[in-house]
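Subject: Structure for you to look at

Hello,

Please find the structure below. My notes on what was found follow it.

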2 protein chains.
Amino acid sequence: MVRPGGRSARVQASVHAAVRELEAEVGREALTVPLVATRAGVTPSTIYRRWGDLQELLSDVAVERLRPEKAPRDRGSLRSDLEDWAEQFLEEMSAPTGRAYLRDALLGDPDGSNAGQCSAYAAEQIDVIIGRAAGRAETAPDVETVLDRVVAPMMYRILFRPEGLDTAYARELVAGLVGTTDR
Amino acid sequence: MVRPGGRSARVQASVHAAVRELEAEVGREALTVPLVATRAGVTPSTIYRRWGDLQELLSDVAVERLRPEKAPRDRGSLRSDLEDWAEQFLEEMSAPTGRAYLRDALLGDPDGSNAGQCSAYAAEQIDVIIGRAAGRAETAPDVETVLDRVVAPMMYRILFRPEGLDTAYARELVAGLVGTTDR
DNA sequence: AGCTTAAAGCGAACATGTTGCTTCAAGCGC
DNA sequence: GCGCTTGAAGCAACATGTTCGCTTTAAGCT
């Protein structure tokens with residue numbers, strides 16, 4: 001395991017920072033372990049031993065960036081909250097950088113734990129929204145249903161059919177789930 | 001572009017064959033461009049020039065393997081046909097080798113065309129099923145809806161939450177779409 | 001048949017990935 | 001506090017993989 005403080009932590013932070021800087025400067029295609037190591041002031045072998053290879057390192061960094069920063073906005077109703085969140089999610093994930101992070105997270109991930117983390121992030125956000133709905137005495141679907149009916153279709157299209165995606169699609173999915181009558 | 005016949009075609013075929021053989025013999029982790037080249041009786045530079053890197057080559061081969069071999073079985077009703085197809089799809093795709101192909105196909109695919117091809121395969125199969133239902137004068141959802149409600153949730157779980165998947169889930173999704181009353 | 005040209009072969013220069021051994025310092029017991 | 005233990009980082013030599021310019025081959029055309 002990684003030692004909590006001191007040198008190990010510094011190395012980890014500096015390697016992560018180096019990845020982000022270089023991603024912005026030279027693009028992810030041009031990233032290599034030696035390049036990252038040099039920027040981080042570290043030897044390549046340190047990275048190979050800690051992360052195994054470049055993909056796992058990128059996967060690590062990608063998951064960090066996919067972590068949501070703030071709780072979903074409260075717009076007063078289940079439907080509005082879901083629409084709002086889904087639109088934002090779709091926008092972030094379907095953008096070139098979002099897709100790149102997603103792919104990195106899925107890729108360098110032999111045991112699937114990073115991918116699982118992504119899904120868990122979405123589930124947390126949805127859980128907050130559903131909790132609010134319950135507080136308003138609205139009837140709400142459970143998290144699994146929202147994952148199946150809203151998140152999964154968006155992800156599928158982002159990964160497999162990225163053309164012609166827009167926020168209207170997110171609203172349609174939510175409408176199909178919570179009904180188009182109440183608003 | 002690749003010249004249709006003659007040497008180029010032979011090289012392509014022999015490289016693809018080499019990938020499949022070596023995948024079976026040494027596992028995909030151990031695959032390298034020089035190794036594949038040697039087995040195919042080709043120089044590494046040929047592979048680098050034609051495919052760019054190992055991932056794109058693997059992506060190519062993976063898509064070939066994800067192509068469905070036969071039309072979905074006809075079991076007499078829309079619901080049975082969908083259930084049958086979805087169960088088989090889920091079983092194939094969630095197995096370790098299926099997931100590996102899926103990941104390869106997604107991975108070495110800068111422009112998303114290989115991923116699009118995967119989705120197109122599924123859409124074709126579903127289209128056949130829906131066409132049959134129309135022939136029986138059954139009411140059927142359109143292809144997009146089946147993609148959203150059945151294929152996407154399965155894919156999402158395969159990629160992001162591979163634990164505890166079984167064919168019952170496929171049946172639930174179909175039931176949720178075509179209704180649980182008619183059978 | 002001869003020409004044109006994309007694609008394959010070859011080999012050397014180069015970059016990247018791997019490994020054993022050494023050095024460093026965080027965390028722990030005294 | 002002070003030194004011990006141990007996991008992690010550094011270093012350097014080595015193996016492997018990648019790229020590139022140039023040459024050669026043969027597919028497709030006229």
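How far apart do the C-alpha centres of domain 1 of chain A and domain 2 of chain A lie? They lie 31 Å apart. Domain 1 covers 7-52 and domain 2 covers 69-178; these bounds come from an automatic or database domain assignment.

Before the rest, some conventions. This is a predicted model, in which local features need pLDDT of at least 70 and side-chain atom pairs count only at pLDDT 80 or more, while totals for chains, interfaces and linings use all residues. Residues are numbered from 1 along each chain as its sequence is written, chains are lettered from A and ligands numbered from 1 in the order in which they are written, and side-chain values use heavy atoms, with hydrogens and water left out.

Chain A itself has 9 helices and 0 strands. Helices (H or I, at least four residues) and strands (E, at least two) are DSSP runs, numbered from the N terminus. The C-alpha trace of chain A spans about 60 × 35 × 25 Å along its principal axes.

Now the interface. In chain A, 26 residues are in contact (heavy atoms within 4.5 Å) with 26 residues of chain B. The two chains bury about 2,400 Å² between them, 54% of it on carbon and sulfur atoms; buried area is the accessible area (1.4 Å probe) that two parts lose on being put together, summed over both. On the side of chain A, D148(A), Y156(A) and F160(A) lose the most area to chain B, together 27% of what that side buries.

The rule finds 6 salt bridges across this interface, each a side-chain nitrogen of Lys or Arg within 4 Å of a carboxyl oxygen of Asp or Glu. R157(A) forms a salt bridge with E144(B), with the closest N and O atoms 2.1 Å apart. Four elements of chain A give two or more residues to the side that touches chain B: helix 6 (96-107), helix 7 (113-135), helix 8 (143-160) and helix 9 (167-178). Helix 8 of chain A provides the largest share, 12 residues.

Last, the symmetry. Chain A can be laid on chain B with an RMSD of 0.1 Å by a turn of 179° and a shift of 0.0 Å along the axis, superposing by least squares on the C-alpha atoms of residues with pLDDT of at least 70 in both copies. The two copies are therefore related as by a two-fold rotation axis. In chain A, the C-alpha of A152(A) is nearest the axis, 2.7 Å from it.

Regards
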